[in-house]
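Please look over the sequence and the structure below.

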Amino acid sequence: ELMENDDDKDLVEKSLDYKSRIKKSGVMYITYVPEGLKISMIRKKLEKYGVNRVYLRPVKGKLNSFKDGWIEFKDKIMAKLCEFELNGKPIGGKKRDPLRDELWNFKYLHK
């Protein structure tokens with residue numbers, strides 16, 4: 001019977017920890033995803049900002065093509081900083097990279 005109570009306490013602690021992490025995390029909406037930009041590429045390009053999760057909404061009938069999506073950061077401040085520094089800037093890459101001339105389109109989501 002004591003073990004059940006310990007498990008309950010552990011579960012409560014985990015849920016409180018999860019709630020506190022959600023309060024700290026920041027979410028950004030990416031309004032346009034150029035063709036060829038994959039989730040792994042977004043993670044790599046934004047890794048210095050502490051990306052937690054990336055969700056992109058797929059285009060029906062096209063493989064590896066996305067309409068828009070959401071990027072969750074571990075910290076609100078880093079999400080705001082990412083929007084401030086990269087919004088409207090080129091995604092970049094080498095000269096022959098098709099994403100070189102594409103621009104980031106972000107919107108930080110409050111609450």
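The points below cover the sheet, the helix packed on it, the aromatic rings and the salt bridges.

This is a predicted model. Its four-stranded open sheet has the order β2-β3-β1-β4, with antiparallel pairing. Helix α3 packs on that sheet. Strand β3 is largely enclosed by the rest of the structure, because six of its eight residues are buried. Three aromatic pairs and three salt bridges are also found.

**The sheet**

- The strand order is β2-β3-β1-β4. The edges are β2 and β4 (106-109), and each of these pairs on one side only. On average, neighbouring strands are turned by 20° against each other, direction ignored.
- Strand β2 spans residues 51-58 and runs antiparallel to β3, with seven bridges between them. Within this pairing, Leu56 sits opposite Gly69 of β3.
- Strand β1 covers residues 26-30 and is joined to β3 by five bridges, again antiparallel. Here Val27 faces Glu72 of β3.
- β1 also pairs with β4, antiparallel, over four bridges. Val27 has Leu109 as its bridge partner in β4.
- Strand pairing of this kind rests on backbone hydrogen bonds, and it can be parallel or antiparallel.

**Helix α3 on the sheet**

- Helix α3 takes in residues 76-86 and touches β1, β3 and β4. Its direction makes about 155° with that of β4.
- Which residues of α3 are buried? They are Ala79, Cys82 and Leu86. Seen down the helix axis, the buried residues fall within an arc of 60°, so they line one face of α3.
- The buried residues of α3 pack against β1, β3 and β4.
- Ile77 and Phe84 are exposed on the other side of α3.

**Aromatic rings**

- Tyr29, Tyr55 and Trp70 make up one aromatic cluster.
- Tyr29 and Trp70 have ring centres 5.4 Å apart and planes at 50°, so this pair is tilted. Tyr29 belongs to strand β1 and Trp70 to strand β3, 41 residues apart.
- Tyr55 and Trp70 have ring centres 5.9 Å apart and planes at 25°, so this pair is stacked. Tyr55 lies in strand β2 and Trp70 in strand β3, 15 residues apart.
- Is Trp70 buried, partly exposed or exposed? Trp70 counts as partly exposed, at 29% relative accessibility. Tyr55 is also partly exposed, at 45%.

- Arg53 forms a salt bridge with Glu72, with the closest N and O atoms 2.9 Å apart. Arg53 is in strand β2 and Glu72 in strand β3, so the pair ties together parts that are 19 residues apart in sequence.
- Arg53 is partly exposed at 46% relative accessibility. Glu72 is buried at 15%, which is under the 20% cut-off.
- The side chains of Arg57 and Asp68 meet in a salt bridge at 2.6 Å, N to O. Arg57 lies in strand β2 and Asp68 in strand β3, 11 residues apart.
- Arg57 is partly exposed, with 35% relative accessibility. Asp68 is buried, at 4%.
- Side chains of opposite charge can pair when their charged atoms come close.

- Glu35 and Lys62 form a salt bridge, and their closest N and O atoms are 3.8 Å apart. Glu35 sits in the loop between β1 and α2 (39-45), and Lys62 in the loop between β2 and β3, 27 residues apart.
- Glu35 is exposed at 58% relative accessibility. Lys62 is partly exposed, with a relative accessible area of 47%.

- Trp70 pairs with the ring of Tyr29 and with the ring of Tyr55.

Key: Residues are numbered from 1 along each chain as its sequence is written. This is a predicted model: local features need pLDDT of at least 70, side-chain atom pairs count only at pLDDT 80 or more; totals for chains, interfaces and linings use all residues. Side-chain values use heavy atoms; hydrogens and water are left out. Buried means under 20% relative accessible area, exposed over 50%, partly exposed in between (1.4 Å probe, protein chains only). Helices (H or I, at least four residues) and strands (E, at least two) are DSSP runs, numbered from the N terminus. Two strands pair if DSSP finds at least two bridges between them. Axes are lines fitted to C-alpha atoms, for helices over the stretch in contact, and angles run from 0 to 180 degrees between N-to-C directions. Contact means heavy atoms within 4.5 Å. Rings of Phe, Tyr and Trp (its six-membered ring) pair if their centres lie within 6.5 Å; planes under 30 degrees apart count as stacked, over 60 as edge-to-face and the rest as tilted. The arc is that of the directions from the helix axis to the C-beta atoms. A salt bridge is a side-chain nitrogen of Lys or Arg within 4 Å of a carboxyl oxygen of Asp or Glu.
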